[in-house]
Amino acid sequence: MSLPHASDITLVDVANGKGFPCAPAGSVLLSSGPFGWRGIAVERHRLQPQELPEHYVIGHGVSVSTSTRPIPFGWRGGRGWAEGVLNPSDCHLLTDGERNTPRWLHTFDQVSLVLDPRFVADVVRDGLPADRIAFATQRSRSDATIARYTDAFLSELASDGANGALYAETLTIGFTLHLLSTYAITKPKIPSLRGKLNPYQLRSVVDFVQSHLSESVSLLTLAEQAHVSPFYFARQFRATVGLPPHQFVLRQRVQRSLRLINAGRLPLAQIAVESGFHDQPHLTRAFRRVVGTTPGTYSARK
């Protein structure tokens with residue numbers, strides 16, 4: 001995967017209103033930028049000791065320490081500097097537009113996860129509008145659920161997005177719902193789990209998937225086909241089909257690639273794109289997982 005030279009997450013300097021990258025060139029170890037994940041930006045950084053100017057991030061920001069030792073950490077508030085320690089897997093949470101002036105005294109590894117406020121609002125359509133959703137500030141918070149989601153996002157980045165954008169979106173929705181139910185200042189209505197999709201809902205979703213396999217399919221859009229919230233949809237679809245949505249779509253794309261290979265008219269690179277994969281290596285990984293061999297080997301055996 002080609003990494004950016006600097007962070008794709010922008011901080012805004014309060015003093016002059018100018019943006020600057022969340023992490024400088026050379027410190028970004030992994031990034032979701034190349035994959036175009038919906039609703040979230042995820043980056044792993046190795047940060048040198050520094051003090052940042054007063055700033056805010058556009059979006060709801062979570063920072064999780066992936067260092068193996070405690071990191072002395074400070075931030076400036078209304079009463080001057082506050083000092084604390086960021087232990088391994090501890091996190092900070094700042095709501096959209098909240099001002100921050102942090103400093104840290106040792107090099108450390110961390111993951112930044114920034115949620116799009118509009119996406120957060122869309123997850124619970126019957127909740128609050130985007131500009132009314134706010135989270136209570138958390139500093140050096142221990143949260144095992146946030147740590148598990150962070151590990152899942154990192155695993156997906158380390159595998160070059162092998163499960164696809166739909167899987168990342170499913171993770172993002174779950175992550176968002178955890179933050180809303182645990183840290184939202186005004187609690188929106190969080191949907192509860194129920195039932196399965198009826199035959200009409202399932203047919204609508206499957207037909208939509210089949211007609212849009214070469215495109216980037218959104219979980220929010222699939223939920224709209226079934227006329228349910230994204231939270232309902234992901235669980236109801238799995239209860240109905242036996243697979244999560246991202247695995248179902250992945251298998252449908254592999255099946256399309258099989259038909260195109262059997263037709264024998266297109267090169268594998270073009271088959272990958274027409275089947276909805278990023279590129280040929282992405283097709284190869286998915287094909288091997290589903291079929292048990294590579295597209296090239298399968299094609300040669302025909």
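The model is a predicted one, and the values given here are computed from it.

H9 covers residues 280-291. At its start, the backbone nitrogen of histidine 282 has a side-chain oxygen of aspartate 279 within 3.0 Å. Just past the other end of the helix, glycine 292 adopts a positive phi of about 95°. Between these points, His282, Leu283, Thr284, Ala286 and Phe287 are the buried residues of H9. These buried residues pack against three helices, namely H7 (245-263), H8 and H10 (295-301).

The loop that leads from H8 (268-274) to H9 contains serine 275. Is serine 275 buried or exposed? Its relative accessibility is 0%, and buried means under 20%, so serine 275 counts as buried. The residues around serine 275 can be listed once its neighbours within four places in sequence are set aside: it is in contact with Leu213, Ser214, Arg253, Arg256, Ser257 and Leu260. Within its own stretch of chain, a polar atom of the serine 275 side chain lies 2.8 Å from the backbone oxygen of isoleucine 271. Arginine 235 is 40 residues from serine 275 along the chain, and the C-alpha atoms of these two residues are separated by 25 Å.

The other region to consider is strand E10, residues 90-94. Why is E10 described as largely enclosed by the rest of the structure? Five of its five residues are buried, so the description follows from the burial of the strand. In a regular strand, side chains alternate between the two faces of the sheet. In E10, Asp90, His92 and Leu94 point one way, while Cys91 and Leu93 point the other way, and all of them are buried.

The pairing of E10 can be followed strand by strand. Strand E7 (residues 60-65) runs antiparallel to E10 and is joined to it by four bridges. Strand E13 (residues 138-142) is also antiparallel to E10, with three bridges joining the two. Cysteine 91 of E10 gives a point of reference for both pairings: valine 64 stands opposite cysteine 91, and cysteine 91 also stands opposite arginine 141 in E13.

Key. Residues are numbered from 1 along each chain as its sequence is written. This is a predicted model: local features need pLDDT of at least 70, side-chain atom pairs count only at pLDDT 80 or more; totals for chains, interfaces and linings use all residues. Side-chain values use heavy atoms; hydrogens and water are left out. Buried means under 20% relative accessible area, exposed over 50%, partly exposed in between (1.4 Å probe, protein chains only). Two strands pair if DSSP finds at least two bridges between them. Contact means heavy atoms within 4.5 Å. A polar contact is a pair of N or O atoms within 3.5 Å; within protein, one must be able to donate a hydrogen and the other to accept it, and residues adjacent in sequence count only if both atoms are side-chain atoms.
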